[in-house]
Structures are given as C-alpha cells and as structure tokens.
Amino acid sequence: MSDEQTKLGELRDRIDGIDQQIMDLISARARCAQEVAEVKMTYNPGADVFFYRPEREAQVLRRIKEQNPGPLSGEEMARLFREIMSACLALEKPMHIAFLGPAGTFTQAAALKHFGHSVVSVPLAAIDAVFREVESGSAHYGVVPVENSTEGMINHTLDMFMSSPLKICGEVQLRIHHHLLASAETREGEIHRIYSHQQSLAQCRQWLDANRFGIERVPVSSNAEAARRAAEEPGTAAIAGDMAAELYGLEKLAGNIEDRPDNTTRFLIIGRESVGPSGNDKSSILVSMRNKPGALYQLLEPFHRDGISLTRIETRPSPSGTWAYVFYIDFEGHMEEPKVAKVLAEIDEEAVELKRLGSYPVGVL
Ligand SMILES: C=C(O[C@@H]1C=C(C(=O)O)C=C[C@H]1O)C(=O)O
C-alpha cells in the first residue's frame with residue numbers, strides 16, 4: 001500500500017467513527033424532542049397541542065450560528081441543524097405547509113428553507129387559496145411572498161391581511177437567481193418565445209433587452225408553469241430557478257440573468273397561533289387613520305419617541321372607500337415588550353382601526 005493509501009485509509013476510518021458518534025447524538029436528540037412532545041401532551045390533556053415552536057427554533061439556529069467553530073460557515077451549519085430539527089419534529093406529526101404553487105416555485109424553496117425537508121408541502125394555485133387552507137386548518141402553516149428587493153411589494157398578500165384572521169408567524173428571505181431555460185431538444189436559435197412570471201420578467205428586463213431583444217415575452221401564472229410550458233412546447237424558453245429547471249428537466253442556456261445580483265424575495269409564514277418572543281423579533285400591523293391633516297405624523301410619532309425602528313411602511317387603498325388608506329407597518333420588537341405594547345395602545349386610541357398581524361422571529365437562515 002502506498003503512503004497516500006495508508007493515510008486515506010486512516011482518515012476514512014476516523015470519518016466512519018465520527019459518523020457513528022453523530023448518528024448516536026442525533027438519535028439522542030430526536031428522543032429528547034419526543035420527550036418534549038410527551039411533556040407538552042401530558043400538561044395540556046385533550047388540547048390541540050402545537051409541537052412546533054417558531055421562537056424556540058429561531059433561538060436554536062441563532063445559537064448554532066454564533067457558536068459554530070468552523071471550518072463550515074455559520075449559514076451552512078445552521079442549514080444542517082434546520083434539517084435535524086425538521087426531522088425530529090416530524091417524528092410527532094409531519095407538518096402540512098401550504099405554499100403558492102405549483103411545485104418548483106421559489107415559494108416552495110422558501111418553505112423548505114424555513115421548515116426543512118421533513119414537512120409535507122402542499123401547492124396551491126393562488127395566494128388567497130393559501131390563506132384559506134390555513135384558516136380552515138387543512139394546513140398547519142402557509143408560505144406566501146410579500147416583497148421583492150427589485151420589484152417591491154406583493155400587494156395581493158398585503159391586502160389578504162385586511163380580511164384574514166391569520167397571524168404572521170415568521171419570515172424567510174431567499175436570494176432569487178433566474179436562469180434562461182429550455183428543453184434539450186430546443187436549439188438556442190429557434191427560440192421565439194420566453195415564458196415567465198410577470199415579476200421575473202421585470203427582474204430580468206435589462207438582461208432580456210440586451211441579450212434577447214425582440215423575442216416575445218409571455219407572462220404566465222408562475223415560473224414553474226413557465227418551465228412546464230418550455231418543457232412541452234418546442235421553440236420556447238422559460239425564465240425560472242433551479243428547482244423548476246430540475247423538476248422539468250430543462251437545460252440552462254444562461255445562468256443568473258437577474259438584473260440585480262442581490263435580488264431577494266421576502267416570504268411570510270402565516271398561521272393561526274401567535275408566536276412568543278425569541279429575543280430578536282419583528283412585528284407587523286395594519287392601521288387606518290382618519291383622513292385629516294397630520295394623520296401620518298400622528299401615527300409615526302410614538303414609534304420615534306420610543307425609539308422603535310420601522311423596517312417598512314406601505315400604503316394600500318382601503319376597501320372601505322375611495323381615497324381612504326390603510327398603512328401596513330413592520331417594526332422591530334415584539335408586541336409583548338412593554339415599550340411596544342405602549343406604542344400600540346397609543347395608536348389604538350387615534351386609529352380608526354388597528355389590526356395586530358403578529359410578532360415573529362427575524363429570519364435566521
Ligand atoms: C423540542 C421542541 O419542540 C420542537 C422541536 C424543536 C427542536 O427539535 O429543537 C424545537 C422547537 C419545536 O419546534 C421544543 O419545544 O423545545
């Protein structure tokens with residue numbers, strides 16, 4: 001045996017030993033999580049016990065990122081632990097997660113990034129269908145897109161909160177990389193039409209103008225639908241992400257064609273239960289004010305006075321009348337914090353309506 005082979009043999013023996021230890025430890029962890037579930041059931045007999053605790057999971061992942069010794073990056077280590085927690089939780093009851101489908105959308109990628117792969121992900125055709133599925137209890141949680149760094153807010157999602165009783169339970173951000181995709185049978189020169197979702201066409205507008213000028217762009221209901229069509233219709237291409245490319249067996253003609261390299265979409269996790277404080281939280285509210293001078297100032301002043309940072313404010317037309325507005329506001333902090341509770345109580349006195357959409361951990365992954 002050569003020196004190289006001897007050394008490799010030793011290292012592989014060590015890896016085998018370490019793998020055995022990792023497996024034993026993961027199994028011990030899984031048994032602990034099972035015991036947590038038993039304790040929750042014992043102390044809440046007959047209740048519909050929520051095993052999943054978003055604030056606790058956020059704390060676990062944050063600690064992993066902070067204490068990770070390397071050489072793996074904190075993100076990578078947290079991703080591995082995300083999957084371990086997901087598998088442990090699924091021992092009790094795999095969660096059903098409704099998302100804006102079809103299979104292969106960025107929303108599905110966001111759902112799996114947030115919950116890990118040991119969930120049942122349920123594709124639905126529209127944002128309001130995702131809300132209904134969670135409201136009815138058919139799904140435990142839902143995942144919907146809310147804003148994109150290039151294209152702005154997804155108004156349909158914001159407007160759903162005006163009428164829905166659901167809470168925001170979490171957020172997850174996903175870097176969005178778009179590719180120009182076609183089936184193996186389609187040659188580049190034959191492409192006469194490019195399918196994609198409206199948002200994605202907008203996110204790649206400059207690239208398309210510079211590189212595929214004059215080719216028809218056809219908006220469809222999702223990127224996954226675009227990929228499905230490109231797979232079926234010769235002479236067409238799709239703009240979509242890796243998941244859709246893989247699902248429909250498409251080849252990449254050009255990769256990462258989004259105009260802005262930091263192109264990111266933020267998704268919300270919606271559920272029926274409020275989430276407790278995790279130590280690093282955000283909150284969202286909807287407020288409608290009386291239409292009088294200084295109304296917006298009056299709304300924002302208490303936040304400023306108490307040093308609460310707003311992370312987003314968005315204006316939407318109110319469903320109740322022409323030229324009436326509803327403000328959608330995200331800010332730092334949890335509604336159970338006294339300072340936040342005080343500001344919200346003040347706003348409640350002045351507002352026509354204040355709807356608390358929820359407090360939730362700042363996205364960790
Ligand atoms: C174990 C618990 O239940 C679930 C599983 C977790 C885990 O595997 O670490 C964390 C939070 C919950 O989603 C718990 O509440 O601590």
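1. Helices here are DSSP runs of H or I with at least four residues, strands are E runs of at least two, and both are numbered from the N terminus. Axes are lines fitted to C-alpha atoms, for helices over the stretch in contact, and angles run from 0 to 180 degrees between N-to-C directions. On the H5 side the contact is made by Ile127, Asp128 and Phe131, and on the H6 side by His156, Thr157 and Met160. Residues are in contact if their C-beta atoms, placed from the backbone, lie within 7 Å.

2. Please keep in mind that this is a predicted model, in which local features need pLDDT of at least 70 and side-chain atom pairs count only at pLDDT 80 or more, while totals for chains, interfaces and linings use all residues. Residues are numbered from 1 along each chain as its sequence is written.

3. Next, have a look at the open sheet, where 5 strands run in the order S8-S7-S9-S6-S10 with mixed pairing. Strands count as paired if DSSP finds at least two bridges between them. At the edges are strand S8 (216-220) and strand S10 (251-254), each pairing on one side only. Inside the sheet, strand S6 (residues 179-182) pairs with strand S9 (residues 236-240) in the antiparallel sense over 3 bridges; Leu180 has Ile239 in S9 as its bridge partner. Helix H9 (residues 223-232) packs on this sheet and touches S6, strand S7 (193-197), S8 and S9. The direction of H9 makes about 155 degrees with that of S9.

4. Around the ligand are Ala33, Val36, Phe51, Tyr52, Arg53, Arg56, Glu57, Val60, Met85, Cys88 and Leu89, where a residue is near a molecule if its C-beta atom, placed from the backbone, lies within 6 Å of it. Helix H1 (3-43), helix H2 (54-67) and helix H3 (74-90) each supply at least two residues of this shell.

5. Finally, some backbone details. Most residues other than glycine have a negative phi, and most peptide bonds are trans. Here, the peptide bond from Gly70 to Pro71 is cis, with omega near 10 degrees, and Pro71 lies in the loop between H2 and H3. Another cis peptide bond joins Gly101 and Pro102, with omega about 0 degrees. Asn256, not a glycine, has a positive phi of about 50 degrees.

Notes: Contact = placed C-beta atoms within 7 Å.
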